[in-house]
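Welcome to a short tour through a protein chain.

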Amino acid sequence: MNNQRVFKSSDHMQVSNGEPIRSVVQESEHAVIVAWHVEPGQTIAAHTHPKGQDTWTILSGLGDYQIDELGNTVKVVSGDIVVAKQGQVHGVTCTSKDPLRFVSVVAPIEAGYVLLPPRSRVDT
């Protein structure tokens, strides 16, 4: 059994030229803790957790945090704690010149994950 209780977030940040990488820091029967490194312009697609909550602690960078299925966003900055309660839509796009880095805690472990379908474009 691993008794480690202190983790360096920087040890888990993984840079990607494609999609941001979901890097699991710790997983237990209660929750999963994930470190995210989102490059400028990269997006974590809008999704929900039908049976749980996702709490993000923003460590650095800036982002547009999606708050609903319509694509509405709010700004998130270093120091913010962002909570998506059960079933609430969330996702983010890095809007800073530096990477957006944050730690996510999803609980309970059975929270699930549902990706929202891409929004259809309205032609005028």
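One term to pack before setting off: a salt bridge is a side-chain nitrogen of Lys or Arg within 4 Å of a carboxyl oxygen of Asp or Glu. The model is predicted, so local features need pLDDT of at least 70 and side-chain atom pairs count only at pLDDT 80 or more, while totals for chains, interfaces and linings use all residues. Residues are numbered from 1 along each chain as its sequence is written, and side-chain values use heavy atoms, with hydrogens and water left out.

**Stop 1: two salt bridges**

Select lysine 75 and aspartate 64, and show their side chains. They meet in a salt bridge, at 2.8 Å from N to O. Lysine 75 sits in strand E6 and aspartate 64 in strand E5, 11 residues apart. Strands here are DSSP runs (E, at least two residues), numbered from the N terminus. Is lysine 75 buried or exposed? With a relative accessible area of 61%, lysine 75 is exposed; the cut-offs are under 20% for buried, over 50% for exposed, and in between for partly exposed (1.4 Å probe, protein chains only).

The structure holds 2 salt bridges. For the other, select lysine 97 and aspartate 98, whose side chains meet at 3.5 Å, N to O. Lysine 97 counts as exposed at 74% relative accessibility, whereas aspartate 98 is partly exposed at 42%.

**Stop 2: a hairpin**

Now select residues 62-66 and 73-77. These are E5 and E6, paired in the antiparallel sense over 5 bridges; two strands pair if DSSP finds at least two bridges between them. Glycine 63 has valine 76 in E6 as its bridge partner. Look next at the 6 residues between the strands of this hairpin, where glycine 71 takes a positive phi near 95°.

**Stop 3: the open sheet**

Zoom out to find 5 strands in an open sheet, antiparallel in pairing and ordered E1-E2-E9-E4-E7. Which strands stand at the edges? They are E1 (23-27) and E7 (81-84); each has a single partner strand, so one side of each is left without a neighbour in the sheet.

Select E1 together with E2 (residues 32-38): they pair over 4 bridges in the antiparallel sense. A hairpin of 4 residues joins E1 to E2. Across this pair, glutamate 27 stands opposite valine 32, and serine 23 opposite alanine 35. On to the next neighbour: E2 and E9 pair antiparallel over 7 bridges, with isoleucine 33 opposite valine 105 in E9. In E2, 6 of the 7 residues are buried, so this strand is largely enclosed by the rest of the structure.

**Stop 4: the aromatic cluster**

Finally, select Trp36, Trp56, Tyr65 and Phe102, which form one aromatic cluster. Rings of Phe, Tyr and Trp (its six-membered ring) pair if their centres lie within 6.5 Å; planes under 30 degrees apart count as stacked, over 60 as edge-to-face and the rest as tilted.

The whole structure has 3 aromatic pairs. One of them is tryptophan 36 with phenylalanine 102, stacked at 6.2 Å centre to centre with 20° between the planes. Tryptophan 36 lies in E2 and phenylalanine 102 in E9 (residues 100-107), so the pair ties together parts that are 66 residues apart in sequence. Phenylalanine 102 also stacks with tryptophan 56, at 4.2 Å centre to centre and 25° between the planes. Tryptophan 56 belongs to E4 (residues 53-60), 46 residues from phenylalanine 102. Both tryptophan 56 and phenylalanine 102 are buried, and tryptophan 36 is buried as well.
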